[in-house]
Amino acid sequence: MTIWLSAGIIFTLLAVITILFKWGNVRVVGITPVRTFTFIAILFTSGLDVGLIMFPLTEFAGYADIKASPEYAFANPLAIEFGYWGFLIWGFYFLTCFYFCVIEPKVKFFEISWVKFINNVVIIGTCAFTAYLLLSNLPWYLPELGDGSSVIPTFYFIVFAAICFAVYSSTDIKYVRFLSISTTWLFIALIAFMWAGAFVVGDSEMSAFTNNLAEIGTYFANINQFVLPLNDYHEFYLFWWFAWSIMIGQFTSRFVGGLKTYQVLGAMLIFPSIPIAIWFSVLYHYHEMGISTAGIKNFAMVFVGIVFVINSLDSLIRLYTDNLNLTVKRLGKMNYMILNIVALSLLTLLFKLEFLQIQWVGALVIALFFGCAAFIGYSKFKTVNNIDSSPKANKIDYTKIETVH
């Protein structure tokens with residue numbers, strides 16, 4: 001699996017370089033373009049899930065234990081955490097976003113029946129994994145509701161409610177802008193709230209915060225270390241990013257609003273990384289100082305985590321239901337909701353029972369990447385080589401999202 005993963009990463013990086021070299025100045029326009037801030041909000045909230053909120057405080061100690069994991073010795077725990085979530089790996093999303101916006105309309109690889117089947121298996125499986133992550137992390141963050149380790153009926157109800165809410169919001173695309181922008185501001189508010197709980201206003205406290213931000217610079221000084229998997233846990237993360245990449249690319253490609261290709265890459269690498277860096281720097285202070293998050297802070301993080309889950313599920317549900325023609329228009333709203341709620345709830349339980357693994361999903365995505373490249377090389381090379389713009393039918397009309405359902 002490691003060799004397969006490494007091959008996928010190298011292919012992805014080479015593909016990104018090729019795109020920049022050939023189409024770097026092409027204006028990228030999706031079928032439902034939105035303004036840049038909205039696009040970044042959709043990207044950030046759809047491209048991340050509950051793990052961003054809930055994982056860091058459980059992981060810093062492991063990254064600091066270089067006796068148990070000497071492979072982490074080259075960087076501090078904060079830089080390691082950032083390397084697992086920020087900057088370079090957002091290039092995965094850029095590759096798929098550009099492909100589905102500019103190249104796929106000419107190639108139509110994902111309209112081949114067996115490809116469409118695998119693609120939707122990936123999307124549905126990752127939807128369920130997102131809900132499973134929320135379920136599995138609730139005992140650690142809400143020990144007040146249980147014994148701190150067991151999943152109790154209350155936690156199942158919370159996840160079920162999140163699935164229901166996401167399925168409802170996916171019934172109309174007009175909700176995506178409101179949900180994405182609201183989630184972005186809610187995350188900013190959470191950062192401010194947690195910052196206020198960790199730092200008393202003063203020079204020494206501000207210095208501690210800026211020192212944490214500076215420690216993230218170790219990531220950029222050692223960015224080459226993060227390209228290939230450091231260990232099995234990093235491998236898990238990278239497969240997870242691959243699993244997400246193909247569907248986030250499909251979804252976000254709809255909303256690109258006329259940025260040039262190199263600007264899309266810059267926006268994807270830089271803008272999501274800024275709030276991630278700030279958030280991790282605040283949480284790292286909690287870890288270093290041993291500040292408790294019990295009570296309202298844990299509830300606040302869980303609430304925002306649930307909103308992230310809803311946001312992610314919303315975009316993914318809409319994607320696979322469109323692909324499979326299981327739309328509200330065809331099924332009716334009630335049947336649509338029942339079908340998706342039951343399917344996602346059952347699949348979440350399969351992940352809980354460890355019957356499914358996200359690594360398998362990521363490996364399937366890498367296979368799709370290679371299959372697509374082979375298909376282009378064999379039968380669509382001239383077509384792709386002649387591409388010089390986004391599809392002509394895609395016009396910059398920021399009001400279009402108001403009329404699409």
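## Who touches Val 50

Setting aside the neighbours within four places in sequence, Val 50 is in contact with Thr 130, Leu 133, Leu 134, Gly 305, Phe 308 and Val 309. Bear in mind that this is a predicted model.

Val 50 sits in helix H3, which covers residues 50-54. Is Val 50 buried or exposed? Its relative accessibility is 1%, so Val 50 counts as buried, given that the cut-off for buried is under 20%.

Then there's Ile 310: Val 50 and Ile 310 lie 260 residues apart in sequence, yet their C-alpha atoms are 9.5 Å apart in space.

## Contacts and fold

What about contacts across the chain? Taking those with a separation of 6 or more, 87% are between residues 24 or more positions apart.

As for secondary structure, the protein chain has 19 helices and two strands.

## Size and shape

A compact globule of 405 residues would have a radius of gyration near 22 Å, and the protein chain has 21 Å, so the two agree. Along the principal axes, the C-alpha atoms fill a box of roughly 60 × 50 × 40 Å.

Buried residues make up 55% of the 405 in the protein chain. The accessible surface is about 16900 Å², and 67% of that belongs to carbon and sulfur atoms.

Definitions and conventions
Residues are numbered from 1 along each chain as its sequence is written. This is a predicted model: local features need pLDDT of at least 70, side-chain atom pairs count only at pLDDT 80 or more; totals for chains, interfaces and linings use all residues. Side-chain values use heavy atoms; hydrogens and water are left out. Helices (H or I, at least four residues) and strands (E, at least two) are DSSP runs, numbered from the N terminus. The radius of gyration is taken over C-alpha atoms; the globule rule is 2.2 Å times the number of residues to the power 0.38. Buried means under 20% relative accessible area, exposed over 50%, partly exposed in between (1.4 Å probe, protein chains only). Contact means heavy atoms within 4.5 Å. Accessible areas come from the Shrake-Rupley method with a 1.4 Å probe; for residues, only the protein chains shown count as cover.
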